[in-house]
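I opened this entry to record what I looked up, chain by chain and then contact by contact. The notes follow the order in which I worked.

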Amino acid sequence: MTEEIIIAGFGGQGVLSMGKILAYSGIMQDQEVSWMPSYGPEMRGGTANVTVILSDDRISSPYLKVFDTAIILNQQSMDKFEESVKPGGILLYEPNGISHHPKRTDINIYQIEANKLSTEMGNKKIFNMVVMGAFLKIKPIVELENVIEGLKKSLPERYHDLIPLNKEAITKGMESVTPYMAEQVAN
Amino acid sequence: MSELKLMKGNEALAEAAIRAGVDAYFGYPITPQSEVIEYLMTERPEERTGMVVLQAESEVAAINMVYGAASTGKKVMTSSSSPGISLKLEGISYLAGAELPSVIVNVVRGGPGLGTIQPSQADYFQSVKGGGHGDYKLYVLAPSSVQEMADFVEDAFDIAFKYRAPVLILSDGLIGQMMEKVNLKEQQVRLTDEEVIKLNGDWATTGKTKNRERNIITSLDLQSEKMEARVRRLMKKYEQMEQEDMRYEEFQTEDAEYLFVAYGSSARIAQKAVQLARAKGIKAGLLRPITLFPYPKKVLFDLADQVKGILSVELNAGQMVEDVRLSVEHKVPVEHFGRTGGIIHTPEEVLEALEQKFIK
Amino acid sequence: MNVLDIIKPENQVFCKSKLMTDTTLSYCPGCGHGTAHNLAMEVIDEMGISEDTIGVAPVGCSVLAYDFMNIDITQAAHGRAPAVATAIARTWPEKYVFTYQGDGDLAAIGTAETIHACNRGENIVIIFVNNGIYGMTGGQMAPTTLEGMRSSTSPYGREIESMGSPLKMTELVANLPGVHYVTRQAVHTHKHARKAKKAIKKAFENTRLKKGLSFVEIVSNCNSGWKMTPLESNIWMEENMFPYFPLGDIKVNGILK
């Protein structure tokens with residue numbers, strides 16, 4: 001199994017850390033992983049993206065043109081990466097702030113209202129874990145317990161009391177993800 | 001005990017340096033390799049092993065600190081990125097001339113000038129064709145994974161001390177910044193001063209004892225005959241490196257009709273291009289030089305009998321391609337493909353280039 | 001007193017240190033470098049620390065210091081001796097590490113390395129021989145060349161307006177908290193040489209006590225570069241160099257005088 005994922009959004013949305021937790025989860029189940037971020041000044045307040053690959057085999061290129069899954073968290077990233085999803089692949093996005101919804105009909109599109117849900121749960125920092133839950137519902141490539149182990153590895157120890165809340169966020173994301181049909185938008 | 005971790009290439013290199021029992025690191029921050037010194041400063045290696053870590057006032061000072069510690073037989077290293085390496089070249093030439101074991105790491109970014117902070121492989125010429133002044137070469141290791149960023153630290157020091165010569169680890173922003181699973185070796189004990197004197201006291205400036213002549217470290221020989229003898233000694237080392245320590249890796253070359261030659265991050269991308277090509281029925285293969293000097297000339301010369309075309313894939317405007325052409329001696333067409341300016345070519349682009357140049 | 005009396009050991013006032021080799025000095029007759037070398041070697045010998053001393057030679061006239069000093073020496077790139085010494089002192093904290101540098105090396109191309117090694121308070125000794133000129137390369141202007149002084153690159157005399165003022169590096173580093181001891185000496189007479197030796201000894205004692213950086217400037221002559229006889233150059237030095245670069249302690253035990 002090889003899963004090639006791009007996660008893209010604003011710096012501060014937890015894009016890179018979500019990728020890191022996913023990569024750690026892969027390690028927990030003995031997979032090969034790579035995590036390749038965009039880096040440099042463009043990240044400060046601008047867009048951030050990370051390519052995450054989980055595979056049972058040695059990973060060749062950590063940098064890709066097309067992806068099995070694109071997780072898209074802002075409009076710029078939608079503009080940039082909608083076309084990068086392989087036919088039959090998955091596009092998961094957060095609709096808050098998206099004016100131009102995806103148009104492709106050859107891929108499976110899902111929405112997760114992570115902004116609203118994390119606000120309701122009282123902590124905006126778990127935004128990315130709601131998205132993570134939505135992704136894992138669509139593609140259960142890593143076990144929940146491995147995600148929790150991955151969280152423990154990537155979170156500094158002083159934040160470990162937040163792990164139950166993160167777990168709750170993942171569950172919320174799993175429950176709340178909805179399919180989206182490109183035809184629904186008349187534009 | 002060895003340990004499995006998810007780390008950036010730069011961090012893995014820094015952690016491996018502590019674990020390899022390195023005595024000192026001297027550096028100066030520059031993107032995209034600042035994680036090396038940041039990691040070392042955070043880890044307090046002076047408490048873990050007694051390793052010295054110092055942020056120098058410049059790259060120039062840092063490389064000369066390397067020269068100082070190396071002249072006393074200690075295991076010492078520095079790291080930087082392209083513009084910083086340009087500044088270090090004077091010192092690197094002195095390290096080569098004075099025959100000092102040392103490790104220099106270049107996490108390459110795009111140039112010339114201030115260029116870009118994004119990944120590049122445009123320092124190939126600088127690395128393998130001398131770079132600094134005078135008749136010298138560097139043993140150049142090109143890691144293509146986070147694991148190799150860690151493993152090559154120890155390999156580099158083994159070579160550095162085997163030959164009493166500076167060794168360059170030529171990485172780039174992609175390998176430095178990405179995270180992968182890395183298996184870290186167990187902690188080695190750093191040598192004591194007595195052990196350093198026992199191992200290197202025959203040449204290093206560790207303090208003149210009564211039982212030996214004074215040791216002098218210099219790259220200066222005002223007598224031409226002596227200087228020529230020094231240059232010949234260096235050339236002999238490089239010949240021995242070619243015979244004993246050249247490294248490369250082949251990927252699906254057995255039946256290959258077309259060959260990619262790529263190192264470091266480009267080798268990873270070209271490997272994927274091989275997979276994409278094979279899925280389309282094109283028999284492609286990959287030769288990855290692991291050492292850029294010594295270069296796998298003979299391997300390429302032999303592969304040239306088997307393939308119809310060779311594409312040198314590099315994140316630059318065409319540098320290593322010259323060595324590929326020299327190696328195959330016009331037996332087969334050799335072309336270059338590569339993006340510059342910090343743009344990373346995709347596996348699809350690489351395959352397309354192969355098709356355009358040789359097949360269509 | 002006849003010659004036979006003079007050569008009796010009890011009448012000896014000055015001799016070559018045991019730590020100086022028998023290699024003929026490459027310095028011009030009349031140059032102060034030989035005396036400065038000898039004083040440093042005498043101090044190291046008398047303190048019994050030669051086995052634990054590592055010297056760092058510069059680029060300049062004293063690039064070949066390792067030919068004359070019978071101790072382990074690493075020769076540094078131009079100006080980088082303080083960085084080289086920093087690394088040796090950091091990785092061998094029990095050793096005595098000193099640099100021996102001229103004015104071009106220390107005060108021009110190596111200004112950054114000098115200031116930062118001083119500012120970090122590295123536990124080393126810097127011996128700075130200032131003769132106001134580039135001797136080795138044939139008498140070009142140095143950062144310490146005096147106003148109006150002729151050199152091959154200031155053939156009509158140093159003009160302050162276009163070439164800047166002679167740099168008082170020693171006063172400059174004295175202001176840095178990491179520097180423990182700063183003094184300016186000379187070696188052209190027995191009296192001055194004795195004082196300079198005391199200063200060098202104090203500097204190495206500071207290393208033993210891990211006090212940080214000791215900086216000993218030696219104002220010296222360059223009769224060849226100044227185009228004078230040795231005697232003329234010493235008189236010229238007293239009349240012109242000393243007023244601008246006054247001799248004496250500038251900072252002792254971390255306190256400015």
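Predicted model: local features only at pLDDT ≥ 70, side-chain atom pairs only at ≥ 80, totals over all residues.

In chain B, among contacts between residues at least 6 apart in sequence, 78% join residues at least 24 apart.

**Chain B, overall**

I looked up the secondary structure and found 14 helices and 15 strands in chain B. The radius of gyration is 21 Å, close to the 21 Å from the globule rule for 360 residues, so chain B is as compact as a globular protein of that length. I took the box along the principal axes as well: the C-alpha atoms of chain B fill roughly 75 × 50 × 40 Å. For burial, I noted that 59% of the 360 residues in chain B are buried.

**Chain A, overall**

I asked how many helices and strands there are in chain A. There are 6 helices and 7 strands. I wrote down the order of the elements of chain A from the N terminus: β-α-β-β-β-α-β-β-α-α-α-α-β. Of its 187 residues, 47% count as buried. Of the contacts in chain A with a separation of 6 or more, 61% are between residues 24 or more positions apart.

**Which chains touch**

I next checked the pairs of chains. There are 2 pairs that touch, and the most contacts are between chains B and C. Chain A and chain C are joined by no contact, and their closest C-alpha atoms lie 29 Å apart.

**Chains B and C**

I listed the residues in this contact: 33 come from chain B and 29 from chain C. On the chain B side, the elements that give two or more residues are β2 (24-27), β3 (52-55), α4 (59-71), α5 (82-97) and β9 (216-217). I asked which of them gives the most to the side of chain B that touches chain C. That element is α4(B), with 8 residues. By class, the residues on this side of chain B are 14 nonpolar, 12 polar and 7 charged.

I then looked for strand pairing across the contact. β9(B) is joined by 2 bridges to β2 (residues 72-75) of chain C, and the strands run parallel. Ile216(B) has Ile73(C), in β2(C), as its bridge partner.

**Chains A and B**

I repeated the search here. The contact takes 18 residues from chain A and 21 residues from chain B. On the chain A side, α1 (15-28) and β2 (32-37) are the elements that give two or more residues, and β2(A) gives the most, with 6 residues. I sorted this side of chain A by class and got 11 nonpolar, 4 polar and 3 charged residues.

β2(A) also pairs with a strand of chain B: 2 bridges join it to β8 (residues 179-184) of chain B, and the strands run antiparallel. The bridge partner of Trp35(A) in β8(B) is Met179(B).

**Annotated spans**

I went to the UniProt record for named regions. An unreviewed entry places the feature "coiled-coil region" at residues 217-244 of chain B. I checked that span in the model: residues 217-244 of chain B are 75% helix and 4% strand, and the end C-alpha atoms lie 27 Å apart.

For chain C, UniProt lists "domain: Thiamine pyrophosphate enzyme TPP-binding" (unreviewed entry) at residues 67-217.

**One glycine**

Last, I looked at Gly281(B), which sits in the loop between α11 (264-279) and β12 (284-289) of chain B. Is Gly281(B) buried or exposed? Gly281(B) has 6 C-beta neighbours inside 10 Å, and therefore counts as exposed, given that a residue is exposed at 12 or fewer. I also took the C-alpha to C-alpha distance from Gly281(B) to Glu213(B): the two are 68 Å apart in space and 68 residues apart in sequence.

Key:
Residues numbered from 1 in each chain as written. Chains lettered and ligands numbered in written order. Rg over C-alpha atoms; globule rule 2.2 N^0.38 Å. Buried ≥ 20, exposed ≤ 12 C-beta atoms within 10 Å, placed from the backbone. Contact = placed C-beta atoms within 7 Å. Nonpolar A, V, L, I, M, F, W, Y, C, P; charged D, E, K, R; others polar. Pairing = 2+ DSSP bridges. UniProt positions renumbered as here; feature names shortened; annotations may be inferred.
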